[in-house]
Structure formats: C-alpha cells, structure tokens
Amino acid sequence: ERADSVAVDIHKWAQVQYDAGCLLVRDQALLQATFSMSEPYLKAQPRGTAAGQPWPCDLGPDLSRGFRALKVWMTLTVYGADRIGEMIENTCALAQRLVARIDSESELERLAPAPINIVCFRYRRAEGDLDALNTEIVADVQESGIAVPSTTVIDGRLAIRAALFNHRTEERDIHALVDAVLAFGRKRAANL
C-alpha cells in the first residue's frame with residue numbers, strides 16, 4: 001500500500017510462459033513522464049495510427065514489443081484465478097514442509113525465514129569453506145537431474161535456494177531435493 005510501483009514476474013507463479021512480467025503503478029503520469037519521448041516520428045496525432053494516448057512506448061523503455069499480454073490473458077482464461085490461487089497455496093504449503101524437513105536435519109541449516117515459496121538453506125556438516133562446498137552441492141544436484149536449485153547469498157553466506165513455483169511439484173520432490181543435498185554433501189565432506 002505504500003509502494004509507488006510493484007513489479008511481478010508473472011511467468012513464475014501464474015504459470016505463464018517465459019518471459020512475462022507485470023508492472024503496477026500508482027501514478028501513470030509519473031510513468032509517462034519518465035518514458036515518453038518527444039521525437040517527431042513519435043508525435044501523437046488527432047487521427048490515424050498515431051492517434052490515441054497513451055502509446056505503449058510512453059509507458060516503458062521498449063518502443064517495439066511482442067504481444068506478451070496474450071499469453072497472460074490465455075493462462076488466466078484457461079485456468080482462472082481460483083486454480084492459480086490454489087497452486088500458489090500449494091507451493092507455499094510445500095515450502096513449509098521443506099522448512100520442516102530442513103529443520104529436522106542436523107546437517108542442514110535454514111538461512112532465512114520462508115514466509116512464502118522460497119526456502120534458503122545450506123549443508124553445514126563439513127569443516128572449511130562452506131560456500132564453496134554448497135556451490136558444488138548445487139551443481140551436483142543440478143547435474144544429477146533430481147532438482148534445479150539455485151544459489152544466493154544471505155548475510156554473507158552462500159545459500160541453496162529452492163524456489164517452488166511449478167504446479168507439478170509434489171512432496172516427494174522436496175524430499176528428493178533434501179536427500180540429494182545430504183547425499184552429495186556427505187560425499188563431498190568425506191573427500192575434504
């Protein structure tokens with residue numbers, strides 16, 4: 001409620017094909033003042049193809065762009081807000097199950113609260129450079145085909161980042177991720 005603008009990657013939770021984003025602004029006049037240009041070839045006219053305001057090029061940096069809104073509209077039309085909402089609730093519930101599993105494993109530590117669908121944690125059993133170790137664990141998990149976590153840095157520490165967006169993700173998938181992190185972590189720790 002205090003934001004002047006909010007940007008959303010709608011291709012994530014809304015299950016829309018990449019790339020699709022959405023920008024909500026409180027004051028369209030500020031957006032237009034930022035992006036509109038006064039080039040002669042962009043001058044609005046009272047009639048014809050140069051008529052009508054605002055032009056899409058007055059609302060962002062792209063003068064030409066694809067019709068990304070069509071895939072957003074199609075997804076919302078086919079699935080509807082209720083089904084997308086259910087999927088979002090499910091991914092948040094799965095994230096809480098992942099949190100519980102991580103918190104129950106002494107070799108793992110969660111590095112941040114997980115109020116929605118992203119869980120950040122790391123393998124901590126080994127001595128030495130845990131950032132390098134966790135970087136290798138993430139690559140091992142990715143290359144195994146079990147899951148595709150990413151990394152991020154929280155309070156100066158590298159974290160394994162599990163972002164649960166896919167509507168096909170099930171509880172067994174989060175357990176497979178944790179099992180893989182533990183297995184690869186133990187294997188790499190034994191070789192240190």
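Modeller: Read from the N terminus, the elements of the protein chain follow the order β-β-α-α-β-β-α-β-β-α, where helices (H or I, at least four residues) and strands (E, at least two) are DSSP runs numbered from the N terminus. That amounts to 4 helices and 6 strands. The radius of gyration, taken over C-alpha atoms, is 22 Å, well over the 16 Å that the globule rule (2.2 Å times the number of residues to the power 0.38) gives for 192 residues, so the chain is more spread out than a compact globule. Its C-alpha trace spans about 75 × 35 × 35 Å along the principal axes.

This is a predicted model, in which local features need pLDDT of at least 70 and side-chain atom pairs count only at pLDDT 80 or more, while totals for chains, interfaces and linings use all residues. Residues are numbered from 1 along each chain as its sequence is written, and side-chain values use heavy atoms, with hydrogens and water left out.

The part to examine is the loop between β1 (5-8) and β2 (22-25), which holds W13. The count of aromatic pairs is 1; rings of Phe, Tyr and Trp (its six-membered ring) pair if their centres lie within 6.5 Å, and planes under 30 degrees apart count as stacked, over 60 as edge-to-face and the rest as tilted. In this pair, the ring centres of W13 and F165 are 6.1 Å apart and the planes stand at 70 degrees, so the arrangement is edge-to-face. Distant parts of the chain are linked in this way, since F165 belongs to the loop between β6 (157-163) and α4 (171-190), 152 residues away from W13.

The backbone of the β1–β2 loop also deserves attention. Most residues other than glycine have a negative phi, and most peptide bonds are trans. Q15, which is found in this loop, has a positive phi of about 65 degrees although it is not a glycine. Its relative accessible area is 25%, so Q15 counts as partly exposed; buried means under 20%, exposed over 50% and partly exposed in between, with a 1.4 Å probe and protein chains only.

D155 sits in the loop between β5 (150-154) and β6 and counts as exposed, at 69% relative accessibility.

For a contrasting setting, consider F121 in strand β4 (residues 118-123). F121 is buried, because its relative accessibility is 0%. Apart from neighbours within four places in sequence, F121 is in contact (heavy atoms within 4.5 Å) with residues including I102, L108, L111, A159, I160, L177 and V181. In helix α4, A183 is partly exposed, at 42% relative accessibility. The C-alpha atoms of A183 and V141 are separated by 9.6 Å, although the two residues are 42 apart along the chain.

Across the whole chain, 32% of the 192 residues count as buried. Among contacts between residues at least 6 apart in sequence, 53% join residues at least 24 apart.
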